[in-house]
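Q: Can you walk me through this one? I'd like to go from a single side chain out to the whole fold.

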Amino acid sequence: MKNITVIGSGTMGNGIAHTFAQYGFKVSLVDINVQALEKALQTIAKNLDRQVSKGIINEQEKASTLQNIITYTDLKEGAANADLVVEAATENRDIKLNLFKQLSEICSDSTILSSNTSSISITQIASVTKNPGNVIGMHFMNPVPVMKLVEVIRGYGTTNEVTQTIMELSKKLEKVPVEVNDYPGFVANRILMPMINEAVYTLYEGVAGVNEIDTVMRLGMAHPMGPLQLADFIGLDVCLAILNVLYNGFGNPKYAPCPLLVNMVAAGHLGAKSGSGFYKYTADSKELVVATKFSLPAS
């Protein structure tokens, strides 16, 4: 396996492209937006500089990593010779289904089609392809070059051979692959998102403020960051989308998104990427400033 196509050049897509390229794979990075591709290459170069400064790689390895990445705006051109496709587009079911339907026509029968989805059913994605056995989930964690976990999700029809190939490939990237089955939220987000949602409810109900909630979880539970800061980092729109998948998939009210989260997304407060979520973010800010203050009126 030599040729990797990554679809989507956002935070996850450029991180996945960076990682494969760093380990010697030829990467085709595909996005319909030229400016997004240019920004992705700038981000990758900046992250490689950070690795050089920390002694993780040297200048020659940085140069070869960048040389291993070619950008495309045309899906057919970018995916035609792929041994593996990693889809990292927007967390939207219809967009993913449309992409995989196209990929099934473009790619060879031996190409493995994977999705970086954090919650959408791999079985459903596979159902629109000609070869469901070759479809699998590769859920990387952000930031991809740093985080070791890859959640490998088997769809209902995913073959043992494809699963084993992806498990071994993940190890070549010096990741730790964990095989899970295809149910809403898989493992990571089935456990994480209810915790984040409960933290938002704790704020919504006036039990404590943003800083207090995050401090309790950081210092009391040894989490590297509090759940509200983590939600900002993930993107509040992404958190809401995953919670809706869980709620619709299980039909259990415990997964219902908190009204405060729904309202924040509707108002465009999406977290770090929008500059405001539970905290405020600026390009040069080093300290977290609470942006959201909410409590229910006293009864």
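**Gln51 and beyond**

Q: Leaving aside neighbours within four places in sequence, what is Gln51 in contact with?
A: Gln51 touches His18, Gln22, Ile56, Ile57 and Pro145, once neighbours within four places in sequence are left aside. Bear in mind that this is a predicted model.

Q: Where does Gln51 lie?
A: In helix α2.

Q: Is Gln51 buried or exposed?
A: Buried. Its relative accessibility is 9%, and the cut-off for buried is under 20%.

Q: Which side chain does Gln51 join in a polar contact?
A: That of His18, at 2.9 Å.

Q: And how far is Gln51 from Val146?
A: Their C-alpha atoms are separated by 9.9 Å. Along the chain, the two are 95 residues apart.

Q: Switching to charges. How many salt bridges in the whole structure?
A: Seven. One of them pairs Lys62 with Asp49, at 2.6 Å from N to O.

Q: Where do Lys62 and Asp49 sit?
A: Lys62 is in helix α3, residues 59–67, and Asp49 is in helix α2. The pair links distant parts of the chain, 13 residues apart.

Q: Is Lys62 buried or exposed?
A: Lys62 is buried, with 16% relative accessible area. Asp49 counts as partly exposed, at 36%.

Q: What about Arg154 and Glu179?
A: Their side chains also meet in a salt bridge, 3.6 Å from N to O. Arg154 is in strand β7 and Glu179 in strand β8 (residues 176–181), so the bridge ties together parts 25 residues apart in sequence. Arg154 is buried at 18% relative accessible area. Glu179 is partly exposed at 41%.

Q: Which residue does Glu168 form a salt bridge with?
A: Lys171, with the closest N and O atoms 3.6 Å apart. Both residues lie in helix α7, three residues apart, which is about one turn of the helix. Glu168 is partly exposed, at 35% relative accessible area. Lys171 is partly exposed too, at 46%.

Q: Which residues are linked in a network of salt bridges?
A: Glu87, Glu91 and Lys96.

Q: OK, the core. In the largest nonpolar one, which residues touch the most other members?
A: Phe20, Leu84 and Phe140, out of 31 residues. Elements giving two or more residues to this core include α1 (11–22), α2 (34–53), β4 (84–87) and α7 (160–172). The most come from α1, with five residues.

Q: What is Leu84 in contact with, leaving aside neighbours within four places?
A: Quite a list. Among them are Met1, Ile4, Phe20, Ile112, Met138, Ile166 and Leu169.

Q: Which residues are in the second, separate core?
A: Leu203, Leu243, Met264 and Leu270 are included in it, and it holds 25 residues.

Q: What does the domain assignment give?
A: Domain 1 covers 3–181 and domain 2 covers 189–294. Their C-alpha centres lie 27 Å apart.

Q: How many residues does the contact take from domain 1 and domain 2?
A: Six from domain 1 and five from domain 2.

Q: What do domain 1 and domain 2 bury between them?
A: About 470 Å², with 59% of it on carbon and sulfur atoms.

Conventions. Residues are numbered from 1 along each chain as its sequence is written. This is a predicted model: local features need pLDDT of at least 70, side-chain atom pairs count only at pLDDT 80 or more; totals for chains, interfaces and linings use all residues. Side-chain values use heavy atoms; hydrogens and water are left out. A nonpolar core is a set of buried Ala, Val, Leu, Ile, Met, Phe, Trp, Tyr and Cys residues joined through side-chain atoms within 4.5 Å. Buried means under 20% relative accessible area, exposed over 50%, partly exposed in between (1.4 Å probe, protein chains only). Helices (H or I, at least four residues) and strands (E, at least two) are DSSP runs, numbered from the N terminus. Contact means heavy atoms within 4.5 Å. Domain bounds come from an automatic or database domain assignment. Buried area is the accessible area (1.4 Å probe) that two parts lose on being put together, summed over both. A polar contact is a pair of N or O atoms within 3.5 Å; within protein, one must be able to donate a hydrogen and the other to accept it, and residues adjacent in sequence count only if both atoms are side-chain atoms. A salt bridge is a side-chain nitrogen of Lys or Arg within 4 Å of a carboxyl oxygen of Asp or Glu.
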